[in-house]
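Student: I have a new model open on my screen and would like to talk it through with you. Could we start with the terms and then go around the chain?

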Amino acid sequence: QVDLMESGGGSVEAGGSLTLSCVASGAPRIRSYCLGWFRQAPGKEREAVAAIDADNSVSYQDSVKGRFTISKDNANSTLYLQMNSLKPEDTGRYYCQAEEYDCYAGSWFLGGYTPDYWGQGTQVTVSS
């Protein structure tokens, strides 16, 4: 069982920055997992934002490329999402996920993909 705990959300003005963190516990070999972020805005479907796999390959949603950076610290079992140049359309609840088997960074962007482990989410609100 892997437990994921997100932090770092908040309210910022457009153009601002936030860094989300996700600490994974219960996974002694987190370095072998695929990790990623989904977000969901009120009234909208969830969407994959970014993911990183065991080989440190990354994938991003087109709308965040060049603005968001996903990274991980295997020693501290922590996943990060650095978000710059935030826009109001980035508003939503951001969820961290982990998947141990049969995954790669692009998996997050496959239709209907549901990783095994999810956090409770952290709210990001960007005002114009």
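This is a predicted model: local features need pLDDT of at least 70, side-chain atom pairs count only at pLDDT 80 or more; totals for chains, interfaces and linings use all residues.

Student: Let me zoom out. How many helices and strands are there in the chain?

Tutor: The protein chain has zero helices and 11 strands, so that reading along the sequence gives β-β-β-β-β-β-β-β-β-β-β.

Student: What about overall dimensions, and what would a compact globule with 128 residues have as its radius of gyration?

Tutor: A compact globule with 128 residues would have a radius of gyration near 14 Å, and the 13 Å of the protein chain agrees with that. Along its principal axes, the C-alpha trace spans about 40 × 30 × 25 Å.

Student: How much of the chain is buried, and what share of the contacts joins residues at least 24 apart?

Tutor: Of the 128 residues, 48% count as buried. Taking contacts between residues at least 6 apart in sequence, 60% of them join residues at least 24 apart.

Student: Which residues touch the most other members of the largest nonpolar core?

Tutor: That core has 29 residues, and those touching the most other members are Trp 37, Leu 81, Met 83 and Tyr 94. The elements giving two or more residues to this core are β3 (18-25), β4 (34-40), β5 (47-52), β7 (68-73), β8 (78-83), β9 (92-99) and β11 (122-127). The largest share, four residues, is that of β3.

Student: What does Tyr 94 contact, beyond its neighbours in sequence?

Tutor: Leaving aside neighbours within four places in sequence, its contacts include Trp 37, Leu 81 and Met 83, along with Leu 20, Phe 68 and Val 124. There is also a second, separate core of eight residues, and Cys 34, Ala 48, Ala 51 and Ala 105 are among them.

Student: Switching to Ser 77, is it buried or exposed?

Tutor: Ser 77 is found in the loop between β7 and β8, and its relative accessible area is 18%, so it counts as buried, the cut-off being under 20%. Setting aside neighbours within four places in sequence, Ser 77 is in contact with Cys 22, Val 23, Ala 24 and Ile 30.

Student: And which residues does Asp 3 touch?

Tutor: Not counting residues up to four places away in sequence, Asp 3 touches Val 23, Ala 24 and Ser 25. Asp 3 is in strand β1, residues 3-7, and at 45% relative accessibility it counts as partly exposed.

Conventions: Residues are numbered from 1 along each chain as its sequence is written. Side-chain values use heavy atoms; hydrogens and water are left out. A nonpolar core is a set of buried Ala, Val, Leu, Ile, Met, Phe, Trp, Tyr and Cys residues joined through side-chain atoms within 4.5 Å. Buried means under 20% relative accessible area, exposed over 50%, partly exposed in between (1.4 Å probe, protein chains only). Contact means heavy atoms within 4.5 Å. The radius of gyration is taken over C-alpha atoms; the globule rule is 2.2 Å times the number of residues to the power 0.38.
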